[in-house]
Amino acid sequence: MKNARLLAASALFAACWITSAQAANDIPNASSAGIAAKLMVRGTLEGVQVVDLRSQRRNDVMVVQAEMQNLTDKDVRVYYRFRWTDAAGMQVGDGEVWKPLMILGRQSQLIKGTAYGPQASDFKIEMSAEPR
């Protein structure tokens with residue numbers, strides 16, 4: 001009887017864990033199709049969603065700000081980098097290194113990127129994530 005309860009409790013725990021992991025994977029990467037078009041996601045974002053994205057030119061250089069929100073209770077480490085392109089779609093600059101960012105459960109974080117020069121006219125944000 002004791003082993004049966006232990007087995008049932010273990011099965012319930014495993015089912016809850018799998019369900020919560022699946023729920024994080026079901027969250028879309030972006031809150032709109034327009035934002036999703038600017039993302040290049042590797043794998044899943046583990047429940048993190050880009051909820052706001054703004055860009056403008058300052059001193060003839062493109063500046064981008066994005067807000068990421070963790071919609072789960074678990075902390076998630078996000079890695080991101082900006083890819084800048086010119087009007088013809090060619091990459092501008094040498095490319096950025098991956099930047100790590102810890103987003104705590106149910107919290108949001110802003111990221112900001114500045115293009116290498118005035119020739120950059122478009123961008124994509126490349127992202128990946130792993131649970132902590």
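Modeller: Before we start, a residue counts as buried when its relative accessible area is under 20%, exposed when over 50%, and partly exposed in between. Please keep in mind that this is a predicted model.

Biologist: Thanks! Is R81 buried or exposed?
Modeller: R81 has its place in strand β4, which covers residues 76-85. The cut-off for burial is under 20%. R81 has a relative accessibility of 14%, so R81 counts as buried.

Biologist: Which residues is R81 in contact with, leaving aside its neighbours within four places in sequence?
Modeller: Contact here means heavy atoms within 4.5 Å. With those sequence neighbours set aside, the partners of R81 are R42, E96, V97, W98, K124, I125 and E126.

Biologist: Let's step back to the whole chain. In what order do the elements run from the N terminus?
Modeller: The protein has two helices and seven strands. Read from the N terminus on, the order is α-α-β-β-β-β-β-β-β.

Biologist: And what is the strand order in the open sheet of four strands?
Modeller: The pairing in this open sheet is mixed, and the order is β1-β7-β4-β5. The strands at the edges are β1 (39-41) and β5 (99-103); each has a single partner strand, so one side of each is left without a neighbour in the sheet. From one strand to the next, the twist averages 30°.

Biologist: Which residue in β5 is the bridge partner of V78?
Modeller: Strands β4 and β5 run antiparallel and are joined by five bridges. The partner of V78 in β5 is L101.

Biologist: Now the loop between β4 and β5: is G95 there buried or partly exposed?
Modeller: G95 is found in that loop.

Biologist: How far apart in space are G95 and F82, C-alpha to C-alpha?
Modeller: In sequence, G95 and F82 are 13 residues apart. In space, their C-alpha to C-alpha distance is 7.7 Å.

Biologist: Happy to hear it! What share of the contacts between residues at least 6 apart in sequence joins residues at least 24 apart?
Modeller: The count takes in contacts in the protein between residues at least 6 apart in sequence. Among these, the share that joins residues at least 24 apart is 64%.

Note on methods
Residues are numbered from 1 along each chain as its sequence is written. This is a predicted model: local features need pLDDT of at least 70, side-chain atom pairs count only at pLDDT 80 or more; totals for chains, interfaces and linings use all residues. Side-chain values use heavy atoms; hydrogens and water are left out. Buried means under 20% relative accessible area, exposed over 50%, partly exposed in between (1.4 Å probe, protein chains only). Two strands pair if DSSP finds at least two bridges between them. Axes are lines fitted to C-alpha atoms, for helices over the stretch in contact, and angles run from 0 to 180 degrees between N-to-C directions.
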